[in-house]
Amino acid sequence: GSGLNGKFVAKGKKFWGSAADSNTLNIASNANILKAEIGALTPENSMKWDSTESSRGSFNYGGSDALVNWATSNGKLVRGHTFVWHSQLPSWVSSIGDRTTLTTVIQNHINGLAGRYKGKIYGTLLLSINEMFNEDGAIRSSVFSNVFGGDSFVNVAFQAARAADPNAILYINDYNLDSNNAKLQGLVRLVNKVNGGGTRLIDGVGTQMHLQQGGTGGVAAAINALAATGLDVAVTELDIVGAQSNDYTAVVRACLNQPRCVSITSWGISDTNSWRASSSPLLWDTSYRPKAAYNAVISALA
Ligand code: G3I
């Protein structure tokens, strides 16, 4: 195949994806690139808790439906993002003080989302938990860890997602896992603990990879360390300050060289729509023209 996704799939990988939502799907030049180059979409914001359940029990799937429907009609997979995250979390959730209520609320939220999109798309990936670690590998302080008194909310969330869609592939996801560092090792310990109970709850580990220029030296070691869990590894939100060809090539080679690395998702297409637009981190410029780094990636996939 041609395009990033076609070439990546020809190497035995599942997909090259991109973040999107209605704001970017409605830009024709952006949509054309997604159609030609991309195999899966991650909702950049529309599936987050503040978008989907801003008040308790009252679900709004408008934005996420638009993303999922666009993906379905254009033959793209969808990667869910994100079911449990301390950020973009409505205050009605962060102010819950007791474990019984929070358990019910997590279960209901996940059941709503996973139930709505269950079986709609072959290979739906449901990203379940995001950014629950500190840099030192300890569990981040959040309403979830505070109310549960530790990490047991992870089991609650993954069990709820598994029950709502038994065929979904469930990931845990975090940032700054860009070398084999303490945070990465904390995540690996938790994954092994949660899956060690006899039932596999976590199917994959996601590394966001919001990288600095020249920040790719530890990436291959990091991907290999995540792969040592025995689970699938996904690069879930790739962008690199300055978008140097050698940095992008290093990430692509690291994934190609690790059989358990199944996918790469760019955190957008054009620099103009990036959350870090001022650092020009993506593969297409502000006029939707491919940059040198795009050509370098294509060469690395040849
Ligand atoms: O939708 C409102 C709009 O109604 C309002 O007028 C406008 C005014 O500020 O804000 C709009 O919401 C913004 C939203 O993006 C949609 O554009 C938020 O302010 C803004 O904070 C939000 O930023 C997103 C950010 O997550 C929030 O944490 C970025 O687009 C998104 O790229 C970014 O993505 C995260 C991943 O989900 C998790 N990993 C890190 C990554 C980068 O921060």
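Which residues of helix H1 (residues 3–10) are buried?

Tutor: This is a predicted model. In helix H1, the buried residues are Leu-4, Asn-5, Lys-7 and Phe-8. They pack against strand E1, helix H3 (28–37), strand E10 (261–266) and helix H13 (292–300). After H1 comes Gly-12, with a positive phi near 95°.

Strand E1 leads on to another helix. E1 covers residues 15–20, and the buried residues of helix H5 pack against it. They also pack against helix H2 (22–25), strand E2 (40–43), helix H4 (49–52), strand E3 (77–78) and helix H7 (99–117).

H5 runs over residues 62–73, which is twelve residues. At 1.5 Å a residue the helix should span 16 Å, and because its end C-alpha atoms are 16 Å apart, the expectation agrees with the model. The buried residues of H5 are Ser-64, Leu-67, Val-68, Trp-70 and Ala-71. These cover an arc of only 160° around the axis, so they sit on the same side of H5. The face turned away from that buried side carries Gly-62, Asn-69 and Ser-73, which are exposed. H5 is followed by Gly-75, whose phi is positive, near 70°.

Ala-20 is 21 residues from Leu-41 along the chain, yet their C-alpha atoms are separated by 6.3 Å.

Strand E3 was another partner of H5. The loop between E3 and strand E4 (84–85) holds Thr-82. A cis peptide bond joins His-81 and Thr-82, with omega about -10°. Most peptide bonds are trans.

Now consider the nonpolar interior. In soluble globular proteins, nonpolar side chains tend to be buried together. Here the largest nonpolar core has 85 residues, and those with the most contacts inside it are Ile-110, Ala-157, Ala-161 and Val-251. Helix H9 (residues 152–164) gives the most to this core, with seven residues. Take Ala-157 as an example: apart from neighbours within four places in sequence, it is in contact with Phe-83, Val-84, Ile-106, Ile-110, Ser-128 and Ile-129.

Strand E10, a partner of H1, also packs against the buried residues of helix H11. H11 spans residues 219–227, and its buried residues are Val-219, Ala-222, Ile-223, Ala-225 and Leu-226. Seen down the axis, they fall within an arc of 160°, so they line one face of the helix. Besides E10, they pack against helix H10 (182–195), strand E7 (204–207), strand E9 (232–240) and helix H12 (245–256).

Most residues other than glycine have a negative phi. Met-209, in the loop between E7 and strand E8 (210–211), has a positive phi near 65°. Met-209 counts as buried because it has 28 C-beta neighbours inside 10 Å. Ala-243 lies in the loop between E9 and H12, and its phi is also positive, about 45°. Ala-243 is buried too, with 23 other C-beta atoms within 10 Å.

The loop between E10 and H13 contains Asp-271, and with it we return to two partners of H1. Asp-271 is buried, since 22 other C-beta atoms lie within 10 Å. Beyond its neighbours within four places in sequence, Asp-271 is in contact with Ala-277, Ser-280, Pro-281, Leu-282, Asp-285 and Thr-286. Asp-271 and Pro-281 are ten residues apart in sequence, and their C-alpha atoms are 6.4 Å apart in space.

The residues around it are Glu-44, Asn-45, Ser-87, Gln-88, Tyr-175, Gln-208, Glu-237 and Trp-275. By class, this shell has two nonpolar, four polar and two charged residues.

Technical notes: Residues numbered from 1 in each chain as written. Predicted model: local features only at pLDDT ≥ 70, side-chain atom pairs only at ≥ 80, totals over all residues. Near = placed C-beta within 6 Å. Nonpolar A, V, L, I, M, F, W, Y, C, P; charged D, E, K, R; others polar. Helix = DSSP H or I, 4+ residues; strand = E, 2+ residues; numbered from the N terminus. Expected span 1.5 Å × (residues − 1). Buried ≥ 20, exposed ≤ 12 C-beta atoms within 10 Å, placed from the backbone. Arc of directions from axis to C-beta. Contact = placed C-beta atoms within 7 Å. Core = buried A, V, L, I, M, F, W, Y, C linked by C-beta atoms within 7 Å.
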